[in-house]
Amino acid sequence: MVLINTEKYIAEAKEAMKDSNLQKALSSFQHRIGPATAATYQKLPEGPELRLKAHDMRMRAIENLDVLLEVLADNIHRRGGRVFFAATAKEAVDYCLQVAHQHRVKKIVKGKSMVTEEIGFNEALIAAGIEVTETDLGEYIIQLAREHPSHIIAPAIHKTRKDIGRLFADKLGIPYTDDPPTLTQAARKALRAKFMAADMGVSGCNLACAETGHITTVSNEGNIRMSTTLPPIHVAFMGMERVVASLEEHDILFRLLARGAAAQNMAGYVSYVGGPATSDQSDGPQEFHLIIIDNGRSRILADVEFREMLCCIRCAACLNVCPVYGKIGGHAYGFAYSGPVGAVVTPLLVGINRAKDLCQGETLCGACQDACPVNIDIPRMLLALRAKLADGDKDWNVVRNSLAEKVAFQFWAWVISKRARYDRFLQLGYLAQKWMPGADGMISRLPLALHGWTRSRDIKSVAKASFKKRWQNRQS
Amino acid sequence: MTDQPKSSDQVRFLDTIRAALGRADAPPVDFQSVIDNDLEKTYKDALAAIANRTVDQKKELLKNLEQAAQPLNLKVKPVKDIQTASASIAELVQSKQPEWGTHKQVVAWQHPLVEKLDLTALLAEHNIPVVFTEQLSEAATAEKIEKHRRQVRQSCEDAFIGVTAADFCVAETATLVMKTRPGCARSVSLVPSIHVAVIKLSQIVSNLKELYAHLSWDFTHKAEGLTNCMTFISGPSKTADIEFTMVHGAHGPREVYIYVITD
Ligand code: SF4
């Protein structure tokens, strides 16, 4: 039961652009964090080139994923943790359900995790009669409002303090207030009770370290530490690509992650979790399960054109600079991942035709690559996706977007490949434009399929003689 | 235990990856060949710099720590000796009010440095109990473990201040680094509203690189590994999820104090 709404991209984008609160929030957020992140890269002791080095590190990890995952699993087994390798979303969810049933789990507390959104975790567990509480404040707000997150790092970016005040008054039964500290305190109190009563804690994994056998979790609120310390069972979900070889590489990527995600040098809480509590420790989970998820990633891995996308560490830096995301927000992208990363990853995961608008909506301005802490060439992959849509592709089951468009462009290519042919075409245009509406040397509506070009602007009419002709006439 | 038979899900999963990488039939790749040895060496070299650090340089690190802590709302308190630290912590305990109830109680690690503070005696005259998260004997029965865990949970819930030590403190990012060991319950730095950590000046490292140099190359730390849970704490819990307004105390402690013993 995974929610995929990528087909509604255009309609949702239009809605978002009418929402003035959202527009304000997005623009203020992007102005705040985009430049701040760029500045932190400049201040890296190794210099901003560290991003390029990190890209190589990630590529090397991806190209040795089989080795790294095996070592990671061995090390976690050695400490008494369990590792489950899930080929599909369903396998991942079913395994977790099985653990939950075994221990008669009734209540789960959860830290923010994109991959659980991807596999439809909450829906599945709630359907099985288990209470799932999101504990990141932003996610908690979204869950109370029965919505989906709109930003990887700041899920409730689209809600004003007044919205949240009304929501809390309604759902938590507190007197209305729009004071952020009071609202935060109300959530703190409500969630503290949830943490204490939970039978299972669920987290994602920011980046695992194979050599030492640890996953890492990151938060500023401390909710993930609560979720993974207090309940007797900890289940962690991780996309299979989120692993590096050594502690040293982990250090470098982690420093970049904190900068990309929040322009911070270091997040408030980072935990390296490598297994369950031992019997001589007084607290911590007595069972630890790590679920490593493929769910379409091996297909991305197999295609060298898109393999690079698996370098992504889901920091959201690309969202924070993207002019398209900055206008349409996260919901339009219709799946767990939004912004530039979503525009590439989502089509590859849910189907390129199904999510075609995502990759066609981006501008190819390149801001995402500059902001990316591991320098992923997102524009290149957006173009590669568009090429598949233009030509169709058997390997990815892509049906050609539009035959007419293809024919039109092939015709155009034929026209411009010979000067004489092109001149004759212009001549034809010159004659034909007499029947097109317009004034003062401008055409206000092009015919047939071409009218899109004149929907919001006029286009200059074709001159009687081309520049080349006139130049020749002058010379002679 | 290392060579336990691989589960079928693992075999199938990794086979898929190998096929995707185009090396389904290639000989297995050795993990050591994937590691970047040059990179590791730069970290090892950092250890030498740490070993030759003078007292003045260490005090410089303390200054850096104070500077980094300030914007995080993390309070760094340099004290000259353990007695001064005890007195100052006792004062703090008296001046603060509990967040969730009216009863004042402190929970603390069973750790040499924390025990040396002798808070029990100091706070007894104010009727404030100090509970230590004791280490269980390895031979404890399941029943005993359960009971002990319940008690530790309760004392952390009841306490408004938790007192811990730390393995390291990173000056550049104002980060406390704690491995998990028996007697040092994780909840002490998490559940109470105020977290107090006590460290010695010599535990401050300059930056993350030095920290990882210690963790990877220092003999005792290398032998111990990162343990089953290593935690970094950089300041009190915070959130900016409501209109980007910074609020402290989202879930974890609202206030964090680091006492640095300088002698
Ligand atoms: S593509 Fe780069 S910037 Fe975007 S989320 Fe991934 S790692 Fe971050």
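**Ground rules.** I am working with a predicted model, where local features need pLDDT of at least 70, side-chain atom pairs count only at pLDDT 80 or more, and totals for chains, interfaces and linings use all residues. Residues are numbered from 1 along each chain as its sequence is written, chains are lettered from A and ligands numbered from 1 in the order written, and side-chain values use heavy atoms, without hydrogens and water.

**The sheet.** I looked up the strand order in chain B. It is β1-β12-β7-β4-β2-β3, an open sheet of 6 strands with parallel pairing. Strands are DSSP runs of E, at least two residues, and helices are runs of H or I, at least four, numbered from the N terminus. Two strands pair if DSSP finds at least two bridges between them. β1 (75-79) and β3 (130-133) of chain B each have a single partner strand, so one side of each lacks a neighbour in the sheet.

**One pair.** I checked β2 (106-109) and β4 (161-164) of chain B. They run parallel and share 3 bridges. B:Val106 has B:Ile161 in β4(B) as its bridge partner.

**Two loop residues.** I moved to chain A. A:Arg146 is not a glycine, yet its phi is positive, about 55 degrees. I found A:Arg146 in the loop between α8 (137-144) and α9 (161-171) of chain A. A:Arg146 is exposed, at 74% relative accessible area (exposed is over 50%, buried under 20%, partly exposed in between, with a 1.4 Å probe and protein chains only). A:Leu364, also not a glycine, has a positive phi of about 65 degrees. A:Leu364 is partly exposed, at 32%.
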